[in-house]
Amino acid sequence: MIRLAILDAATSPHRRGSAVAAWVSELARRNRAFEVDDVHLQEMGLPFFDEPELPRYRRYVHEHTRAWSQRIEPADAFIIVSPEYNRGYSALLKNALDYLAQEWAFKPVGLVSYGSGMTAGLRGAEALRPVLSALQMYPVREMVMVPFIDEHLHDGLFRPTEGMIEGGELMLDALVRMDAAMHLLRTPLEEIGDQQGESAPGPTRAQW
């Protein structure tokens, strides 16, 4: 089975995105291709990035980083459920992504965006795509956009339209296809993360 991590990237104490993430999780669990891990970034408690070395070396000194790495490493694919913050995405999400490198690399990712207006958080999702590409992830084209989020919430539950359901199913199918292809690219000896700086002295890759 494909190990799918669904990242709830909202930061508000009254975050509406958790209901959207719960619906995405339910949709994925109905697809027998996936084993689902629900990850609420707000609950992970990651401080602003504080590792002394670049993430690509995986020489972590903090327990919170090691715990985050162990949570993400087993995943084969991801779905990020994210609102739009001032035409971008949350600092919480950027920080969580920046903590790691190899754990993200060569894995497909789907996007679910939402917002209080008609733009449905799309500008935040589009701002996220180049960051994911820099991490050598593959954002699939198929995605779900939720405009006017409050209109789809009833008694704390998210009620999707038929179009949203169809979009979610197409996104899941795309993740299945891309997971099969990207498994061929994954290797512990692959050089990744060159965009994060020059190589630092230390153990060779064979010693990691």
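Six bridges join β4 to β5, and the two strands run parallel. Keep in mind that this is a predicted model.

Now widen the view to the sheet. Five strands form it, in the order β2-β1-β3-β4-β5. The sheet is open, and the pairing is parallel. Which strands stand at the edges? They are β2 and β5, residues 138-146. Each has a single partner strand, so one side of each is left without a neighbour in the sheet. From one strand to the next, the twist averages 20 degrees.

Next, two helices on this sheet. Helix α1, residues 17-30, lies across β1, β2, β3, β4 and β5. Its direction runs at about 170 degrees to β1. Helix α6, residues 162-182, also packs on the sheet, touching β1, β2, β3, β4 and β5. The direction of α6 makes about 170 degrees with that of β5.

Step back to the whole chain. The protein has six helices and seven strands. From the N terminus, the elements run β-α-β-α-α-β-α-β-α-β-β-β-α. There are 208 residues, and 46% of them are buried. Take the contacts with a separation of 6 or more: residues 24 or more positions apart account for 80% of them.

Now helix α3, residues 63-72. Which of its residues are buried? T65, W68, S69 and I72 are. They cover an arc of only 100 degrees around the axis, which puts them on the same side of α3. Here is the background: an α-helix has 3.6 residues a turn, so residues three or four places apart point the same way. What do the buried residues of α3 pack against? The partners are β1 (2-8), β2 (34-40), α2 (41-44), β3 (77-83) and α4 (91-98).

On to the aromatic rings. How many aromatic pairs are there? The count comes to four. One of them is F49 with Y99: the ring centres are 5.1 Å apart and the planes stand at 65 degrees, so the pair is edge-to-face. F49 lies in the loop between α2 and α3, and Y99 in the loop between α4 and β4 (108-114), so the pair ties together parts that are 50 residues apart in sequence. F49 is partly exposed, with a relative accessible area of 33%. Y99 is buried, at 0%.

Then there is W68 with W104. Their ring centres are 6.2 Å apart, with planes at 65 degrees, so this pair is edge-to-face. W68 lies in helix α3 and W104 in the loop between α4 and β4, so the pair ties together parts that are 36 residues apart in sequence. Both W68 and W104 are buried. Ring pairs link W68, F78 and W104 into a cluster.

Last, confidence. The protein averages a pLDDT of 86, and 88% of the residues score at least 70. Where among the elements is confidence lowest, and where is it highest? Strand β6, residues 153-154, is lowest, at a mean of 86. Helix α3 is highest, at 97. Look also at residues 193-208, where the pLDDT is below 50. Beyond near neighbours in sequence, this stretch has 28 contacts in the model.

How values were computed: Residues are numbered from 1 along each chain as its sequence is written. This is a predicted model: local features need pLDDT of at least 70, side-chain atom pairs count only at pLDDT 80 or more; totals for chains, interfaces and linings use all residues. Side-chain values use heavy atoms; hydrogens and water are left out. Buried means under 20% relative accessible area, exposed over 50%, partly exposed in between (1.4 Å probe, protein chains only). Helices (H or I, at least four residues) and strands (E, at least two) are DSSP runs, numbered from the N terminus. The arc is that of the directions from the helix axis to the C-beta atoms. Contact means heavy atoms within 4.5 Å. Rings of Phe, Tyr and Trp (its six-membered ring) pair if their centres lie within 6.5 Å; planes under 30 degrees apart count as stacked, over 60 as edge-to-face and the rest as tilted. Two strands pair if DSSP finds at least two bridges between them. Axes are lines fitted to C-alpha atoms, for helices over the stretch in contact, and angles run from 0 to 180 degrees between N-to-C directions. pLDDT is the predictor's confidence in each residue, from 0 to 100.
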